[in-house]
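Have a look at the picture, then read on.

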Amino acid sequence: QLQLVESGGGLVQTGGSLRLSCAASGRTFSSYTMAWFRQAPGKEREFVAFITWSGIRYYAESVKGRFTISRDNAKSTVDLQTNSLKPEDTAVYYCAARSRGNTGNYEHWGQGTQVSVSS
């Protein structure tokens, strides 16, 4: 079982930055693919970025070049650096984990952290 706790959300102006962090509990953190998703009011949850156990990164087109995902296996954390924020980035951001070899749905989710971008 892996428990995930997000932090770092807040209110920022357009063009600003936030660094979101996800702390995981569990001895096998390094074997998980870690991801960030987000859900805006009235919209479905959408994929933002993932980083595999081997460090391969992939981003949604809407955030490519502005967001950077990273992980620290020694600390069992995964971060999302968000730059050049836009009002349309406003959402609850969720951390998720998928075990190695699982190509289906993410198995573990955090409670989310709110990011609000004012125009």
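**Notes on the fold**

1. Read from the N terminus, the elements of the protein chain follow the order β-β-β-β-β-β-β-β-β-β-β. That comes to 11 strands and 0 helices. Please keep in mind that this is a predicted model.

2. Now for the overall form. Of the 119 residues, 45% count as buried.

3. Contacts come next. Among those with a separation of 6 or more, 55% are between residues 24 or more positions apart.

4. Which residues does the disulfide join? Cys22 pairs with Cys95, at 2.2 Å from S to S. The two cysteines sit 73 residues apart, Cys22 in strand S3 (residues 18-25) and Cys95 in strand S9 (residues 91-99), so distant parts of the chain are linked. Both Cys22 and Cys95 are buried. The torsion about their S-S bond is about -80°, so the disulfide is left-handed.

5. The largest nonpolar core has 29 residues, and Met34, Trp36, Leu80 and Tyr93 have the most contacts inside it. Strands supplying at least two residues each include S3, S4 (32-39), S8 (77-82) and S9. Another core, of 5 residues, lies apart from it, with Ala35, Phe37, Phe50 and Ala96 among them.

6. Beyond its neighbours within four places in sequence, its contacts include Leu4, Phe29, Ile69, Val78 and Cys95.

Key:
Residues numbered from 1 in each chain as written. Predicted model: local features only at pLDDT ≥ 70, side-chain atom pairs only at ≥ 80, totals over all residues. Heavy atoms only, no water. Disulfide = S-S within 2.5 Å. Helix = DSSP H or I, 4+ residues; strand = E, 2+ residues; numbered from the N terminus. Buried < 20%, exposed > 50% of the residue type's maximum accessible area, 1.4 Å probe, protein only. Core = buried A, V, L, I, M, F, W, Y, C linked by side-chain atoms within 4.5 Å. Contact = heavy atoms within 4.5 Å.
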